[in-house]
Amino acid sequence: MTPETDAAAEAEHVLLAIRGRAAHLTLNRPRALNALTHAMVRRIGEALSAWEHDPAVETVVLTGAGERGLCAGGDIRAIHEDARSGGTASADFWRDEYRLNARIARWSKPYVAVMDGIVMGGGVGISAHGNVRIVTERSRVAMPETGIGFVPDVGGTYLLSRAPGELGTHLALTGAPVGAADALLCGLADHYIPSSQLPALLDELTTSPVREALPHHTRRPPPPGELAAHREWIDHCYAADTVEEIVDRLLTTGIQEAKETAETILTKSPTSLKVTLKALRRARELATLEEVLTQEYRISCAALTSPDLIEGIRAQVIDKDREPRWSPGSLAEVGDTDVARFFGTANEHEPLFTPGS
């Protein structure tokens with residue numbers, strides 16, 4: 001392919017359209033579950049720049065092509081290749097992606113994220129920071145990074161650290177997906193609309209403001225969730241200071257669901273678990289999304305040199321044997337210095353955010 005055809009193909013991965021009063025961003029890699037590439041992040045940013053001061057655009061709507069979901073996250077095969085080669089492409093991608101996440105959170109116009117189907121990792125970053133977040137009966141929202149030797153990013157630790165009680169800690173360590181009711185409970189979404197109503201909503205947004213259109217299509221309540229019934233043991237167990245103590249509490253509650261949760265956690269990268277817990281606790285004390293994203297950027301860059309990221313992606317995505325060999329292999333072997341290195345300084349010469357950015 002020539003550079004021109006490459007550029008044309010990449011442009012097709014995010015479809016742009018203006019329909020009446022609404023501008024539409026459609027992620028268009030359905031065979032890859034709309035996984036984000038660097039080119040897609042840049043194209044979304046360019047579109048937002050064009051529409052921000054366009055008086056004809058009142059609303060921005062984000063959707064995903066295909067029947068499976070909005071977005072499964074970043075292109076982790078590309079991250080795997082970059083980490084193996086010692087490259088900088090992933091760090092460059094994250095820098096632009098995290099800046100986009102912050103920009104979406106500050107967006108002055110209604111930004112309607114249709115979180116239908118699978119919404120994971122980077123998909124959460126471009127949707128759950130929006131000011132109008134819609135889930136359906138098909139929504140499955142997750143930050144599954146600990147299962148690939150990584151740590152929740154794209155502002156995920158900001159969102160999860162602000163969920164009620166310890167629900168966010170539970171979701172971050174286990175990587176468990178949640179449906180509509182639990183996404184609403186955890187503050188990851190705002191409105192429940194049955195998937196059958198989405199075409200009518202999108203059609204109405206061509207002629208009506210969001211505040212007028214939404215009430216015609218929202219439904220209450222969504223299908224029942226699971227987390228509310230488990231709040232007591234979740235809040236107690238995850239309030240512990242260390243991952244080891246969290247696991248011990250889960251195993252000794254006498255509650256079957258808690259025991260199964262502990263077993264799930266113990267399949268994840270021990271290093272990622274400890275870094276994730278520290279990142280969440282620190283995120284609670286940071287005042288702004290930008291501060292948390294800066295912390296996440298340091299962690300993500302450090303993860304590129306961690307054996308667990310390469311191994312986790314290999315096991316889950318490349319070879320698909322689902323049997324990662326973590327290094328270190330147990331929580332007890334992960335020391336404080338192993339965790340501390342993820343919170344060092346990354347790329348000081350180019351801060352993630354500058355005044356006025």
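How do the residues of the lining of the largest pocket divide into nonpolar, polar and charged? They divide into 17 nonpolar, 5 polar and 10 charged. Here Ala, Val, Leu, Ile, Met, Phe, Trp, Tyr, Cys and Pro count as nonpolar, Asp, Glu, Lys and Arg as charged, and the others, Gly among them, as polar.

The model is predicted; local features need pLDDT of at least 70, side-chain atom pairs count only at pLDDT 80 or more, and totals for chains, interfaces and linings use all residues. Residues are numbered from 1 along each chain as its sequence is written, and side-chain values use heavy atoms, without hydrogens and water.

The largest pocket holds about 820 Å³ of space. A pocket is an open set of points on a 1 Å grid over the protein atoms alone, where a 1.4 Å probe fits, with protein on both sides within 12 Å along at least five of seven lines; lining residues have an atom within 4 Å of a point. Its volume is the space filled by probe spheres set on the points, which are joined across faces, edges and corners.

The largest pocket is lined by 32 residues, and Ala72, Gly73, Gly74, Ile76 and Val317 are the closest to its centre. Helix H16 gives the most to this lining, with 4 residues. Helices (H or I, at least four residues) and strands (E, at least two) are DSSP runs, numbered from the N terminus.

The second largest pocket holds about 420 Å³. Of its 26 lining residues, Pro177, Val178, Asp182, Glu226 and Leu227 are the closest to the centre. H13 supplies the largest share, 4 residues. This lining divides into 11 nonpolar, 9 polar and 6 charged residues.
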